[in-house]
Structure formats: C-alpha cells, structure tokens
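Let's walk through this model together, starting with its charged pairs and then turning to its nonpolar groups. Here are the sequence and the structure.

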Amino acid sequence: MLNYLWGIMILLGVFWGILTGRPAELTDGILTGAKDAVSLCITMAGVMAFWCGIMEVAKEAGIIKGLTRLMRPFVRFMFPGIPKGHKAEDEISTNIAANVLGLGWAATPAGLKAMEELEELEEEKRSAEAKDNGGLRRRTEMSAGRQADMGPQAVGNGRNNRKNGKGGWPGLRRPAAPKGTASNEMCTFLILNISSLQLIPVNMIAYRSQYGSVNPTAIVGPAIVATFVSTLTAVVFCKVMDRKRRV
C-alpha cells in the first residue's frame, strides 16, 4: 500500500511540475533531492555504526542484561500470558531497552526474535489445545454426564495451565490465536514498540545535525515528553483492551 501511495505522490508531483510550466525547477528538485538522500544515508550509516557499536559494548559490559532485568516486572505486567522464564521475555526486554536508549537499529533484531518466540508460543498453545480437545471428545463419546458438559471450547483441563515439572507451561490462560492471526501478546508488543519511550532520540538529532540545526540536541526534552505520553497511552490502551478480551 505504501508503495502505491509513494508512487502516486511522485507522479502527481511530476505532472504538476509539467502542467505549471516549471520543468527546470522539477529537474533541479529531483537532482537536489537525490544528492541530499545520498548525503543523509552516509550520515545515518555513520550514526548507525557508532550506536550499534555502543550497543555491543553495552551488551558485553552487562549493561543491557541489567536493563532487561529491571524491565522484567514491567514485561510481566504487560504480558501476563507469557510463561515466566520464556525466551520471549528476554527478547522483549532487550527490544524495549534499546528503544528507550534510542537505538532503533539495535532494537530491530531483538524485536524480530521476540515475534518469532511469541509465534512459537502460540504454536505450543495450539498443539496443547488440539491434544486436549481430542482427549475431551473421546471422553465425551465414552461417557455422558459431567464430561459432556465441559464442551470442546475448554482450553485444557488445567494440566497445561500449571507447571507440572515435565515441561508444562504456566501462563497459558488465553486460547491460542488462529493460525495466521496475531496474538494478544504480539499486538501488545507491536504497540509498545511503536510508541516506545526514548531518552536519546538519535535519529532526530542526526537529521537536525545533517540539515544545519544550530542546536541539534534541543529536541531531547520535547522528545522525552512526547514519547512518555505516547507510551503511557499505549499502556493504558493495551490494558483496557486486554480487560475487554477477558470479560
């Protein structure tokens, strides 16, 4: 969809330049824009290399691991459906920590891994539901009465919702999402990732510096306030929607 939108805007700009009799300005604008794009890419490549290097140093020094430990209570609050100790918690914590520090490039790999872990968790839930529902149907066919009243909509009989010492997953309290559909945890993670609080807006500082700002870091204060409000809004929205799903 974005490709179509960009294509339409480019074509409209070209046609408008021709119709208004300003092909020279149009050509100059295209060449200037191409030059600025290359220059900006070079600048951002340097910024990305620097901050990704800082991220690796922070990982080796244990700073990121410490930040992820500090964020685990928040992650548990936002993602109660993820079993405690699941690998998705670490990836989500790493992604949030990187976003808070303004390291969007370093946050992307952790975000992709978090989505993969959440999808694997949904697959495990689907398998558990299918296995339990199959046994439930067999028991229902064999005997009438209380077993028949449970219904195939029951998500397990409690065994899959408690850690049983044999690999059972605690925290599987919500039915699995259909195949190809984002789970509640995936949606929550995506919303938090988009609205993330940023203490150091690296990208905006680099853009302002590239285009000749006298004080590129002046954006830090407003960015912290804006991203704090967006994150708070995201948290409230996710918890309200989660409560509605439970009702």
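R126 and E123 sit three residues apart, about one turn of the helix, and both belong to helix α5. Helices here are DSSP runs of H or I with at least four residues, numbered from the N terminus. The two side chains meet in a salt bridge at 2.9 Å, N to O; a salt bridge is a side-chain nitrogen of Lys or Arg within 4 Å of a carboxyl oxygen of Asp or Glu. R126 counts as buried at 15% relative accessibility, while E123 is partly exposed at 27%. Buried means under 20% relative accessible area, exposed over 50%, and partly exposed in between (1.4 Å probe, protein chains only). Salt bridges with shared partners join E119, E123 and R126 into one network.

A word on the source: this is a predicted model, in which local features need pLDDT of at least 70 and side-chain atom pairs count only at pLDDT 80 or more, while totals for chains, interfaces and linings use all residues. Residues are numbered from 1 along each chain as its sequence is written, and side-chain values use heavy atoms, leaving out hydrogens and water.

The structure holds six salt bridges. One of them joins the side chains of R72 and D90 at 2.6 Å, N to O. Because R72 lies in helix α3 and D90 in helix α4, this pair ties together parts that are 18 residues apart in sequence. R72 is partly exposed at 34%, and D90 is partly exposed at 33%.

K87 forms another salt bridge, with E117, and their closest N and O atoms are 3.7 Å apart. This pair links distant parts of the chain, with K87 in helix α4 and E117 in helix α5, 30 residues apart. K87 is exposed at 53%, whereas E117 is buried at 12%.

## The nonpolar cores

Which residues have the most contacts inside the largest nonpolar core? They are F79, I82 and I92, in a core of 19 residues. A nonpolar core is a set of buried Ala, Val, Leu, Ile, Met, Phe, Trp, Tyr and Cys residues joined through side-chain atoms within 4.5 Å. Helices α3, α4, α5, α7 and α9 each supply at least two residues of this core, and α4 gives the most, with five.

Leaving aside neighbours within four places in sequence, F79 is in contact (heavy atoms within 4.5 Å) with I92, E185, T188, F189 and L192. A second, separate core of seven residues includes M55, I64, A106 and A107.
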